[in-house]
Amino acid sequence: MMTFSPIAAAEEAVEYFENLAEEDYYEKGGEPPGLYLGGLSPALWIQGQVKPGELGLLLRGFHPKTGENLASNAGPEHKPGWDFTFSSPKSVSTAWALGGTEIRESIKQAQAKAVASALAFLEQHAFSSRDRNDGFEKIDRVLAAAYEHGTSRELDPQLHTHVLCANLGLRKDGTVCAIDFDSRWKMAAGAVYRAQLAHEVKMSGFSIQQEGRGSFSIVGIDKSICDVFSTRRQQILAYANETGFTSHAGMKIATLATRQSKPLCESRATLLDEWEETGRQNGIASGDIQLLRSFAPQCLFMPTPTQMFDLMTEKMSTFTPMQLHHAVAVVAQGIKDAEEIDKYITDLMCHAELVRLIAKNNQIDKRSGSTECRYTTQSQIKLEQALVENAQSRAGELNHYASPSDAIAAHKTLTEEQISALRYITVDPGGVKIVQGMAGTGKGFMLRAAREAWQAAGLDVRGAALAGKAADGLEQSAGIHSQTVHSLIEELEKGTVKLSPQSVLVIDEAGMIGSKQLSKLLNQIHDVGAKAVLVGDSRQLQPIDAGGAFRLLAERLGYASLRNVIRQRHDVDKEIVRQFAEGSVAQALVLIKARGGIAVCANVSSAMLKMEEEWAAQFDSSRPQEALMLAGTRAEAFHLNQLARERARRDKRFGRSVQVETVINDIRYEREFAENDRIIFCRNNRSIGVKNGDLGTVLGIDQRKDGHYVFQVQLDSGRAIQFVFGDPKKLGRLGCQEIEYGYAMSMHKGQGVTADKVFILMSEGMGDREWNYVGVSRARDKTRIFCSEEFAKQLQNVMSRSRQKDTSLDYQLEQEMAT
């Protein structure tokens, strides 16, 4: 991985790195001396080892050899530069520590080449001059001092290199200037480093396998031995879990907060002996590492350009140059080196499928002096253009006219706003109609009236939603027979379900559906002349797949708006929801704090304890659905569930308990479930009549003669069901094993849920405006937010971030700008 941080003070950096640097580090301790890197190095006749005293001169803007001024403000006021740190994957560090002299030297050289390639990549893309009067100039030669370190601060083996990049660059005219670093290239540079390192390690005889989170490992080095040497990693994770900072940026905070001074006492030779002994105690010796080089190499292949473009547009309609470089370098690990990656990307840039877009924010790219760009593909543009054009072509249709007069008379509590939306979708022309409704504005009640009007006019009304729980909610609130979007598309393509010109399809929570999936469904609707009514809120949870199609259609077609919040019982809570919807987070937080709605605790653990305690005081087993705990991640929800179960066990509320193996997202977990436990179903199961996200209480557990357990469950909807715990493929239609504890749930599961009282654990798992808008809009009566003291300092900034999905049509084509 690669991390970076500005060097705050030259004196501190000099003290740390020069104190550790030792010529005879192998015997005397410390780390190897630094070496000069960067394209500016030979131009200034600066090469080889960094001598004592030279680093301080370099970081203050002086020539490290001659002492002459390089920067115009050389001296104590000169900003030193940046510390780019490149850390090898743990399996590489383990092989380096345990593999013996030859392997250690080969991996050391691999690390050096990978670091040099990453810095060259940054020189190619990430630096520009800081000249304010003459505009921006590309800087492709910088000067740095690279310090190889072999240990973590707990003296575990961790091969990494600090590249101290000086705030100095070479202009085209040969003069030296201060520089800017574009940190958006960090992820791509880290991926290039890993790809080059994987290439070098593979060339030394090891087999490489790609892993999740964009990294790789050496085949044959088990994770268990890597974990033995991961004391530092465990410290960082523990702090991150305590404070709630679990994102990439949060882990950086955790790293700094837990950092200690590195001991100087032990020599490299002593440490190697200790590591090898630890390895032997855990069943791995030097010879075992050497034998790994005899493994048959894995056959890995680069995606074709078409496959690469499909990969890029799987989760996003448009992408930046940085994202493209990062994605290519990640898939190239173990396949291509940095030079080959550069050629591959050059070929992609010339490919006819790639389209350059111009961002509308007009921010100037400091290196090119032009407006920032993004990319998309011809296929994505065609898909999203067709999505809009097909809908627009049906704007004048009156085929599905239905008078709502009787429905309005039958539902006397409809508001003027709801009546207006009702008329918009039943009377006004258009084969595709959009309703943008804020959370809690009574969309379901309005759709019930619309369904009655359409059916009275002889039309067939169907419903669909991305999640089974949302489809069930649409069916309950509006009386519209509904199913998931995925199952409906599948049945339409197979012909087991048919639409007709007399069909009206209501698509709920349409803001969560990506462009490709929505396009598939709408094409089926257009082909037969049916009507589509898209209902949702583009400001709530965003699509997992590429594209904000719902927002795009709303902008191009127009829409009916529901803004009168009726779910919340108190006016101030309604205003809080409106403020979050509009992005006015600061004002919303003022109102929440004034109501005592935020509990700040010492750390995440204490926040969880307090949150569970308050939830327990409000929990009523006769109405369990009216007190809900929400968290940003499944891991946080699991911890909260454990606290709730511990309380139930102490209070002796559990009956018979059994130990079973659940399956959640194809991962198996050991779980204990008991009578009176709260559970949530994690997958749609038509046979037993449950949807993903349905909650219930276990009433009884019996054991069959074949050993399988039969669960009797009271769903929160009031319906009683039973199922046989186990794989439905083996047990038949009543089999089910996709369940989890249901006292707390992730925010993603929580969209569409309503309760009287909602308790929210705030952490970086809830780190955007869309997630928090969903969270604060769930409660009718009371919302309480819990967070750590550390997280509270950044609460407003984190809650204000928006991750709204874009589309290819939100930008202008570069050729259009040229004309």
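Predicted model: local features only at pLDDT ≥ 70, side-chain atom pairs only at ≥ 80, totals over all residues.
The domain assignment divides the chain into domain 1 (2-221 + 259-289), domain 2 (305-365), domain 3 (382-562) and domain 4 (584-800). The points below cover helix pairs, sheets and domains.

**Helices α21 and α22**
- On the α21 side the contact is made by Val485, His486, Leu488, Ile489, Leu492 and Glu493, and on the α22 side by Gln517, Lys520, Leu521 and Gln524.
- Sorted by class, the contact of α21 with α22 holds five nonpolar, three polar and two charged residues.

- The axes of α5 (residues 90-98) and α6 (residues 101-125) come within 7 Å and cross at roughly 140°, which makes α5 oblique to α6.
- Val92, Ala95, Trp96 and Ala97 of α5 meet Ile103, Arg104, Ile107 and Lys108 of α6.
- The contact of α5 with α6 has six nonpolar and two charged residues, and no polar ones.
- Helix α6 also packs with α7 (residues 186-203), at an angle of about 150° and with the axes 8 Å apart.
- That angle makes α6 roughly antiparallel to α7, and the crossing of the two is right-handed.
- From α6, the contact with α7 takes in Ala110, Gln111, Lys113, Ala114, Val115, Ser117, Ala118, Phe121 and Leu122.
- From α7, the contributors are Ala188, Ala189, Val192, Tyr193, Gln196, Leu197, Glu200 and Val201.
- The contact of α6 with α7 comprises 12 nonpolar, three polar and two charged residues.

**The six-stranded sheet**
- Six strands make an open sheet with parallel pairing, in the order β15-β14-β16-β17-β13-β18.
- Its edge strands are β15 (482-484) and β18 (560-562), each of which pairs on one side only.
- From one strand to the next, the twist averages 20°.
- Strand β13 (residues 432-437) runs parallel to β17 (residues 531-536), and five bridges join them.
- Within this pair, Ile434 stands opposite Leu534 in β17.
- Helix α18 (residues 416-426) lies across β13, β17 and β18, and runs at about 150° to β18.

**The three-stranded sheet**
- A second open sheet has three strands in the order β12-β11-β32, and its pairing is antiparallel.
- Strands β12 (373-377) and β32 (812-813) are at the edges with a single partner strand each, so one side of each has no neighbour in the sheet.
- Strand β11 (residues 354-358) pairs with β32 in the antiparallel sense over two bridges.
- Ile358 stands opposite Gln812 in β32.
- Helix α16 (residues 378-392) lies across β11, β12 and β32, running at about 80° to β12.

**Domains 3 and 4**
- The C-alpha centres of domain 3 and domain 4 are 30 Å apart.
- Contact between them involves 18 residues of domain 3 and 19 residues of domain 4.

Note on methods. Residues numbered from 1 in each chain as written. Heavy atoms only, no water. Contact = heavy atoms within 4.5 Å. Helix = DSSP H or I, 4+ residues; strand = E, 2+ residues; numbered from the N terminus. Nonpolar A, V, L, I, M, F, W, Y, C, P; charged D, E, K, R; others polar. Pairing = 2+ DSSP bridges. Axes fitted to C-alpha atoms, helices over the stretch in contact; angles between N-to-C directions. Domains from an automatic or database assignment. Parallel < 35°, antiparallel > 145°, perpendicular 65-115°, else oblique. Left-handed = near helix turned anticlockwise from the far one by under 90°.
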